[in-house]
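User: I'm learning how structural terms get applied. Could you go through a few of them with me?

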There are 2 protein chains.
Amino acid sequence: MDDVAIVGVGQSAFTRKSGVSIRELCFDAFKEAMTGLDLTNKDIDASITCSAPEYDKQRTPSGLISEYLELTPSPAFYIESVCSSSTTGLRVAYSLIKSGLHRVVAVIGFQKMSELSSRDSAERMGRGADIMWEAPFGISMPSGYAMFAQAHMAQFGTTVEQLARVRVKNASYGAKNPKATYRKEVTLEEVLTSAPVATPLKMFDACANADGASCIIVASADVAKKVSKIPIWIAGLGAATDTMSMSGRKSLTSLSCAKDAAAQAYKMAGVKPQDIDVAEVHDCFTISEILAYEDLGFAKPGEGARLVDEKQTYVDGKIPVNVDGGLLSKGHPVGATGGSQMRTIVRQLRGEATEAQVKNAEIGLVHNIGGVGQYGNVVILRR
Amino acid sequence: MDDVAIVGVGQSAFTRKSGVSIRELCFDAFKEAMTGLDLTNKDIDASITCSAPEYDKQRTPSGLISEYLELTPSPAFYIESVCSSSTTGLRVAYSLIKSGLHRVVAVIGFQKMSELSSRDSAERMGRGADIMWEAPFGISMPSGYAMFAQAHMAQFGTTVEQLARVRVKNASYGAKNPKATYRKEVTLEEVLTSAPVATPLKMFDACANADGASCIIVASADVAKKVSKIPIWIAGLGAATDTMSMSGRKSLTSLSCAKDAAAQAYKMAGVKPQDIDVAEVHDCFTISEILAYEDLGFAKPGEGARLVDEKQTYVDGKIPVNVDGGLLSKGHPVGATGGSQMRTIVRQLRGEATEAQVKNAEIGLVHNIGGVGQYGNVVILRR
């Protein structure tokens, strides 16, 4: 399956208020992704811009980014599946290359959220739910994930302390990540006493809006072997969608889109959960990481929280997860997040993650979720 | 090149004010596309929703449409390149299938523009240009295309009467199209005396905002041969992007994105302009159709207007163009337009276009442009 590889990865700093335009954010990510590659802008024969719409005033940004990065006249277009936009971009990049239409594709994820007030931002977020039947009744990211947390606590006895331990772990790694918004360790006490957001989730159980960009350069095998010292192969891809409506869900203690996507990706890659050396999962809230452990098969249903209790998801544990700080530390510039996760895994598989390197990592996994469990993408990468 | 085919096409009525939600519009298009196919919803293993953002209040509509059409849990995501969104969707559908990731993909284009006032709609449209450096100075669709018209008139002597003849032709076919917004012939006099929009373009030189949806069902060869009596093969695909900024353009009398895309599509299909039996081109304004004749090689640079003078683009002419009425008659529900164009060509190649059938049409072409000449897609279909 050595058909398509990631050859370059980049990320801007993720911050609460970048003070720069989206084109400048994307430039930072693109520049890092191209560094050290034997490629010029002219070699990039398509670009996919990924972001969630309506967080900044620019509509239809793909042409803007394409011109600014000097990628014109190669085709540029825009893809989104909210928070999982850039892993959806990777899926499309893979298929554009595998189909023979293109050889080198840039997947550029970004979001600038600081132009909006918190109120406006929450309003936009709400309109990501069904605006006719659910958003008016309060379904949004925090309330939706709070329902998952309540259900998990009721069904399996998961505790708020266990949720908080996810943040403590991720903050311990975020402290070492120079591109994270929050580069500070936090204590269990600090998480538990932070302001309530949507019970049982508190401020420190939630990731923050951020400005930022990421860039992944994807190439066909022949190009990859030529331009990159350590191409990272796309071994498995999975994607699934669950109902937009929360009322349509069959379970509130598992994201079926993630389970379906994981099953596809494991099958395509020919690996099992226990073969994964390092993973990035979509910890938009602390509960999300617990759900991910279970949906990905790292733990049995209901037993996810134990993994973090036992420190099995720390860098020297059985299955290190979010050892770059996760969304909880890095911040969550929606469209850029999946790309940032892929960057972390690529750096781990190349052995370049000096901040928190997992020893001999050969196979890595990215789990990226859009909306309140609507869109699930799982990517398995192999050195 | 018989790898991927269009097996089903559908379109809702295009109207100025549908009075229904986007999900209902998409349902109408999907239902027509699935009619007569030996396929169920369960066979559709991915869906791509295509629309320009911010014309209706629903953000991230792909999950909503997926649930309403009962396509969950197959992956659903959203693609846009403004007015060329659904032909970009076709390009991605082709590659998802050719790559082996999927076998049957629904490309669903829609737009509901009637929820906005004209003023709000114009504001949204403006934000499709660079909001920092060009939109504030008045670049929008009408002003941009007016510049092209002025340049073409100055350089080649094209006249307002010639522009008007494009509308007269398209209206004569729109009158026969039961799904068009405007089903009425118009006279040269009516076009020339209609209200000014952006000199030299008048009201009747411009297409209108509309509500509507389209759906294209794309399948791998093995599926296509099984489920469809007359699969229509995707023979050629081309896509290119020109600078977002008007100031970056090398020419104002040609759209280089269209020329680049056409060259790619002709090459992939192994055909020449004179091999095309019937074409749909992006006549968002009358001048756009003249530019398309030239960019596609149906006429030499500067000689496009003669084709319509000589009635060569009427149904019994050398190269029939927009014999469904074009955007000028149908209306332009942005994300749905490319799908509607492809529906027309598929019906022509199947010999089902009873309103205005081109005799023995074997090879058809779709030319779909996004923005003010930013995004060019050309699709060549073959019976």
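This is a predicted model: local features need pLDDT of at least 70, side-chain atom pairs count only at pLDDT 80 or more; totals for chains, interfaces and linings use all residues.

User: What makes H3(B) and H13(B) roughly perpendicular or roughly parallel to each other?

Analyst: Two packed helices are described by the angle between their axes and the distance between the axes. Here helix H3 (residues 85-98) and helix H13 (residues 337-350) of chain B pack at an angle of about 70°, and their axes are 5 Å apart. Angles of 65 to 115 degrees count as roughly perpendicular, and therefore H3(B) and H13(B) are roughly perpendicular to each other.

User: Which residues in H3(B) and H13(B) meet?

Analyst: From H3(B) come Ser85(B), Ser86(B), Thr87(B) and Leu90(B), and they meet Thr337(B), Gly338(B), Gly339(B) and Met342(B) in H13(B). Sorted by class, this contact has 6 polar residues, 2 nonpolar and no charged ones. Gly counts as polar here.

User: How do you know that E3(A) pairs with strand E3 of chain B?

Analyst: Pairing needs at least two bridges, and 3 bridges join E3(A) to strand E3 (residues 76-80) of chain B, so the two strands pair. They run antiparallel. Within this pairing, Tyr78(A) stands opposite Glu80(B) in E3(B).

User: How many residues does the contact take from each chain, and which element gives the largest share on the side of chain A?

Analyst: The contact takes 54 residues from chain A and 54 residues from chain B. On the side of chain A that touches chain B, elements supplying at least two residues include strand E3 (76-80) and helix H9 (256-269). The largest share, 6 residues, comes from H3(A). By class, that side of chain A divides into 22 nonpolar, 21 polar and 11 charged residues.

Notes
Residues are numbered from 1 along each chain as its sequence is written. Chains are lettered from A and ligands numbered from 1 in the order in which they are written. Two residues are in contact if their C-beta atoms, placed from the backbone, lie within 7 Å. Helices (H or I, at least four residues) and strands (E, at least two) are DSSP runs, numbered from the N terminus. Axes are lines fitted to C-alpha atoms, for helices over the stretch in contact, and angles run from 0 to 180 degrees between N-to-C directions. Angles under 35 degrees count as roughly parallel, over 145 as roughly antiparallel, 65 to 115 as roughly perpendicular and the rest as oblique.
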